[in-house]
Amino acid sequence: MTEPSALRKVTAPAVSAHKHVDTPLVMVTAYDAPSARIVDAADVDMILVGDSVAMTVLGYDDTLQVTTADIAHHVGAVARTHPRALVVADLPWMSYHVSTEDSVRNAATLIRAGAGAVKLEGGRKRLDAVHVILDAEIPVMGHLGLTPQSFHTIGGFRVQGRDLEAARAIVDDAIALAEAGCFAIVLECVPDAVARLVTDSVAVPTIGIGAGRHCDGQVLVFHDLVGLETRITPKFVRRYADLTADATAAVSRFAADVRGGRFPSSEETYHAADGVADALQLYGGSTTEHAPA
Ligand code: KIV
């Protein structure tokens, strides 16, 4: 960040000012208190309570299944850890597509749950929503390129902006979002040349995921980064741990210890006071049957 301080809470204006700075911004998703504590202890700048929670945690096949209430539930868990990082909450599908009133109310629900900003997908098409949410004093992060909420219209999770027209549309959308007042823009799954052009064309930071190195910051999904999600590994994911393997091995050892009579040990057991255990033995198996009247 431009104002490096180990303790200062990260704000949307501080993120917005982080342009033309050598050190890129870091954003990682978190959806609950333990993961929020981990990523904040790792000193990220922003925690994204993404609608990716639908797939990584809730077992859905796409992000379209989660509601504002679902995201608010996870934002609350993250915010109660009081992270230094800015908490950005995803506005889910259909929470800003119906009316401007709906959009601002849903954004407010996420702010009341503890977020410091909201993120929404789409460019010029979503400017009305961006304007009303900003009018309500809520910072907005944009999201362009592969927008998973458009899964059905774009025909799957695929790289966007590959041809000239599509690339230009992404640049124009980014300029429109930045001019409308978005404090940062996520660029997902676009060729690096497109990300570079967007980054050079807007005055606010771009945060890339599958967009190459020419962005002002990078974001990864926590479960991908630590190897808790191993079913699909997109090309842009770098895995820094294998928690699925570690956790499976730990639970297997527990199961083997239980089955082998090695768990619990005496140290892991509460013992009755002297004499009480002996007295209990005298009553045999059932204390209710033999208890004195
Ligand atoms: O929901 C999410 O995790 C996201 C990131 C992929 C940017 O939007």
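How many of the 293 residues of the protein count as buried? The share is 45%, where buried means under 20% relative accessible area, exposed means over 50%, and partly exposed covers what falls in between (1.4 Å probe, protein chains only). The structure is a predicted model, in which local features need pLDDT of at least 70 and side-chain atom pairs count only at pLDDT 80 or more, while totals for chains, interfaces and linings use all residues. Residues are numbered from 1 along each chain as its sequence is written, and side-chain values use heavy atoms, with hydrogens and water left out.

The overall form comes next. The protein contains 13 helices and 8 strands; these are DSSP runs numbered from the N terminus, with helices (H or I) of at least four residues and strands (E) of at least two. The radius of gyration is 24 Å, well over the 19 Å that the globule rule gives for 293 residues, so the protein is more spread out than a compact globule. Here the radius is taken over C-alpha atoms, and the rule is 2.2 Å times the number of residues to the power 0.38. Along its principal axes, the C-alpha trace spans about 85 × 40 × 40 Å. Ala 136 sits in the loop between α6 (127-135) and β5 (140-145) and, at 37% relative accessibility, is partly exposed.

With contact meaning heavy atoms within 4.5 Å, 57% of the contacts between residues at least 6 apart in sequence join residues at least 24 apart. The accessible surface is about 15,600 Å², and carbon and sulfur atoms hold 54% of that area; it comes from the Shrake-Rupley method with a 1.4 Å probe, and for residues only the protein chains shown count as cover. The protein carries 24 positive and 36 negative charges, whose mean positions are 5 Å apart. Lys and Arg count as positive and Asp and Glu as negative, leaving out His and the chain ends, and each charge is placed at NZ of Lys, CZ of Arg, CG of Asp or CD of Glu.

Most residues other than glycine have a negative phi, and most peptide bonds are trans. His 82, however, is not a glycine and has a positive phi of about 50°. This residue lies in the loop between α4 (68-79) and β3 (86-90) and counts as exposed because its relative accessibility is 68%. Met 94 also has a positive phi, near 75°. Met 94 belongs to the loop between β3 and α5 (100-113) and is partly exposed at 41% relative accessibility. A cis peptide bond, with omega about -5°, joins Phe 263 and Pro 264; Pro 264 lies in the loop between α11 (243-259) and α12 (276-282).

Finally, the aromatic rings. Rings of Phe, Tyr and Trp (its six-membered ring) pair if their centres lie within 6.5 Å; planes under 30 degrees apart are stacked, over 60 edge-to-face, and the rest tilted. By this rule there are 2 aromatic pairs. Phe 151 and Phe 157 form a tilted pair, 4.7 Å centre to centre with 45° between the planes. Phe 254 and Phe 263 form an edge-to-face pair at 5.3 Å and 75°. Phe 254 is partly exposed, with a relative accessible area of 44%, and Phe 263 is partly exposed at 36%.
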